[in-house]
Amino acid sequence: MAVARTRSVAVIGVTGRTVEVEADVGNGLAGIHLIGLPDTALSEARDRVRSAMVNSTYPWPDARIIVSLFPASLPKRGSQFDLAIAMAILSAAGVIPAERIAEPFFLGELGLDGRIRPVRGVLPSIIGAAKHGDVTVVVPAANSAEAALVPNVKVIPVSHLRQLVEWLRRGDDEPEPRVEECAELPKSTDGPAVDLADVVGQPVARRALEVCAAGGHNLWMLGPPGTGKTMLAERLPTLLPDLELDHALEVTAIHSVAGALPPNAPMMSRPPFVSPHHTATSAAIIGGGSAIVRPGAVSLAHRGVLFLDEAPEFPRHVLDALRQPLESGRVTVSRSAGSVTFPARFMLVLAANPCPCAQAEDQSETCKCTPTIKRRYLGRLSGPLLDRIDMKVTVVRSSRRELLADRQFVETSKTVAERVLLARERAAKRLTGTPWRTNAEIPSSLLHSDYRPSNEAMKPMTSCLDSGTLTARGLDRVVRVAWTLADLADKDTPEEDETNAALSFWLGVKS
Ligand SMILES: [Zn+2]
């Protein structure tokens, strides 16, 4: 009877922090005690660990068992510590040599039959563990592909407690478990491919999507139901380039913590598209939860697109809460247990019907909404939120001529994405040495110094500023979009053409 020690990882937000797990098996009244802020899930770990051990034919020590997880100040939640707890107890009870479990990190939930189940947040956990240098991590087989994304980490996939314990007992020179020996991995499911070529007509909205994609801008689409606003928004990610490695790891870590990683496709290399419904809870959209703070839709859309259909229907406090991530690229969720910050840098696409009765345009005779009602409806989108929108487009029904037109020459997502990539490369080159990669990220102060267009080019904005139709924040938006239009036009700096076009996009143009 002795003390044994091993390691696991706790995920706080999207950051993995090392947790030491210690078991003391000794004389005293038989029973098990957990020390170190255990929540309900952790207390349940006792029962899972005991059943898993017994059902894997390892005797449960008939002794006093103390399991301690520290640092005690770190909130430790969830079931990912099961495996480390089992290792520490089995080692303290003399089943596994202590030196075999001292260095590796163990992550995994135990089933009552001894099976090792996948857990959330494996990628951020292993990134956290890798801070200790070259490390070995033992993970559930179903998480092994996700774990292998982190370089210089030895990943040992396991599917059953018995398999793991027998390997640890055999000694160092024995071949370690491999994925092929483990339970069958789930198959990935690819969503239906969408393409910009599916959209009929809508030349202005298509152009707006291209500009948004090139500069990382926010878009507002106004139009009656059935005009294809959702269809347009869904195609925005198809115009974006693949995520660069550092961004892909960020996005994957967030989805891992949310338990939303697509199976068998561990690395999310494409920008995500997230479209929460207006009835979703504030926690689902912004982030939250009672015991465990989970990222919300704004973080799941990190480095991708957040689409709010029927935006005026969203609760006011949810729309207001979007302002923080839109400004800072991060969202802070405060709970009694403390606050957690998640990354949340997304392109926002809002869609709205012109009035609450949501009548299609050709049935406008049945719409009885007065101008006041219409104004009040759209007024739910607050000024401060709309100030953070770079472009507005009114989407109208495609004409009969557009519907009947020969579509073989319609541009595909691939064609537009090539132009977007060239424009993004232009912007990235200009922004070399700064933390920003797109025009949308350039801070306001620099727009008026290093990135100020010529006086000539600024001229179209003067009268709008004088008449009050353009706010100071709106001016910044227009200048950013003008830079993107210049990038798309292969120009070194925006000229009057670009600022004029950017201004009309900001004021709102009709498709
Ligand atoms: Zn109406």
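1. Glu456, Ala457, Pro460, Met461 and Cys464 of α19 touch Glu496, Thr499, Asn500, Leu503 and Leu507 of α21. Contact here means heavy atoms within 4.5 Å. By class, six of the residues in this contact are nonpolar, two polar and two charged. Ala, Val, Leu, Ile, Met, Phe, Trp, Tyr, Cys and Pro count as nonpolar; Asp, Glu, Lys and Arg as charged; the others, Gly among them, as polar.

2. This is a predicted model: local features need pLDDT of at least 70, side-chain atom pairs count only at pLDDT 80 or more, and totals for chains, interfaces and linings use all residues. Residues are numbered from 1 along each chain as its sequence is written, and side-chain values use heavy atoms, with hydrogens and water left out.

3. Back to the first pair. Helix α19 covers residues 455–467 and helix α21 residues 496–507. Their axes lie 7 Å apart, at an angle of about 30°. The two helices are therefore roughly parallel (angles under 35 degrees). Their crossing is right-handed, that is, the near helix is turned clockwise from the far one by less than a right angle. Axes are lines fitted to C-alpha atoms over the stretch in contact, and angles run from 0 to 180 degrees between N-to-C directions.

4. Now the second pair. Helix α7 (residues 203–215) packs on helix α17 (residues 413–430) at about 40°, with the axes 8 Å apart. α7 and α17 are therefore oblique to each other. α7 passes α17 in a right-handed crossing. Glu210, Ala213 and Ala214 of α7 meet Val416, Arg419, Val420, Ala423 and Arg424 of α17. That contact has five nonpolar and three charged residues, and no polar ones.

5. Serine 339 sits in strand β16, residues 338–343. Its relative accessibility is 48%, so it counts as partly exposed (between 20% and 50%, 1.4 Å probe, protein chains only). Beyond its neighbours within four places in sequence, serine 339 contacts Thr332, Val333 and Ser334. Isoleucine 12 is 327 residues away in sequence, yet the C-alpha to C-alpha distance to serine 339 is 9.7 Å.

6. Finally, the whole chain. The protein chain has 21 helices and 19 strands. These are DSSP runs: H or I of at least four residues, E of at least two. Of the 511 residues, 50% are buried (under 20% relative accessible area). Among contacts between residues at least 6 apart in sequence, 72% join residues at least 24 apart.

Methods: Angles under 35 degrees count as roughly parallel, over 145 as roughly antiparallel, 65 to 115 as roughly perpendicular and the rest as oblique.
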